[in-house]
Amino acid sequence: GHVGQPMLHEIADGQWWSVGSRQHGKGLCNPCIYVWRSSGCRNGMQCKFCHLCEPLASESDKRRIQRPCKGKRDRYKKLTEKLLNEISEDPNNFDFDS
């Protein structure tokens with residue numbers, strides 16, 4: 001394959017795929033992080049990850065996007081501590097719905 005193009009296998013209808021690509025049309029697949037590299041994916045058609053998905057930016061970008069900001073994490077931590085204290089003070093009468 002050319003640099004920047006995935007090294008894939010072709011099936012009869014002209015689509016490029018891997019075993020992990022079967023659920024791509026339903027959005028239930030996970031992208032292969034190797035297929036878009038110049039060396040390609042070593043697992044080829046047997047790869048359990050999707051070869052049809054666009055490449056992810058990077059794992060560090062993925063983690064940064066999913067992590068709440070520090071202020072929100074601090075608020076969650078304070079709320080959790082408050083709830084745990086209320087529960088420990090009177091566990092039999094704590095109302096989870098209030």
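**Note on the predicted model**

1. Cys29 is found in the loop between strand 2 and helix 1. Helices (H or I, at least four residues) and strands (E, at least two) are DSSP runs, numbered from the N terminus. Cys29 is buried, at a relative accessible area of 16%; buried means under 20% relative accessible area, exposed over 50%, and partly exposed in between (1.4 Å probe, protein chains only).

2. On the basis of this note: the model is predicted, so local features need pLDDT of at least 70 and side-chain atom pairs count only at pLDDT 80 or more, while totals for chains, interfaces and linings use all residues. Residues are numbered from 1 along each chain as its sequence is written, and side-chain values use heavy atoms, with hydrogens and water left out.

3. Confidence is given as pLDDT, the predictor's confidence in each residue, from 0 to 100. Its mean over the protein chain is 75, and 71% of the residues reach 70 or more. Helix 2 (residues 70–89) has the highest confidence, at 89, and strand 1 (residues 9–10) the lowest, at a mean of 48. Over residues 1–15 the pLDDT is below 50, and this stretch has 21 contacts in the model beyond near neighbours in sequence. Contact means heavy atoms within 4.5 Å.

4. The protein chain has 2 helices and 2 strands, which run β-β-α-α from the N terminus on. Of its 98 residues, 16% count as buried. Among contacts between residues at least 6 apart in sequence, 51% join residues at least 24 apart. The accessible surface comes to about 8200 Å², with 51% of it belonging to carbon and sulfur atoms; these areas come from the Shrake-Rupley method with a 1.4 Å probe, and for residues only the protein chains shown count as cover.

5. How many disulfides does the model contain? The count comes to 0, a disulfide being taken as a pair of cysteine sulfur atoms within 2.5 Å. A disulfide is a covalent bond between the sulfur atoms of two cysteines. Cys29 is not counted because its sulfur is 3.5 Å from the closest cysteine sulfur, in Cys53, too far for a bond. For Cys47 the closest cysteine sulfur is in Cys41, at 3.7 Å, and this too is too far for a bond. Cys47 is buried, at 2% relative accessibility.

6. To return to Cys29: not counting residues up to four places away in sequence, Cys29 touches Gly20, Gln23, His24, Cys50 and Cys53.

7. Ser18 lies in the loop between strand 2 (16–17) and helix 1 (59–66). Is Ser18 buried or exposed? Ser18 is buried, with a relative accessible area of 0%. Leaving aside neighbours within four places in sequence, Ser18 is in contact with Gly44, Met45, Cys47, Phe49, Cys50 and His51.

8. Gly25 lies in the loop between strand 2 and helix 1, and is exposed, at 78% relative accessible area. Its C-alpha atom is separated by 9.5 Å from that of Leu52, 27 residues apart along the chain.

9. The whole structure holds 1 salt bridge, defined as a side-chain nitrogen of Lys or Arg within 4 Å of a carboxyl oxygen of Asp or Glu. Asp74 forms a salt bridge with Lys70, and their closest N and O atoms are 3.5 Å apart. Both residues lie in helix 2, 4 residues apart, which is about one turn of the helix. Asp74 is partly exposed, at 33% relative accessibility, whereas Lys70 is exposed, with a relative accessible area of 52%.
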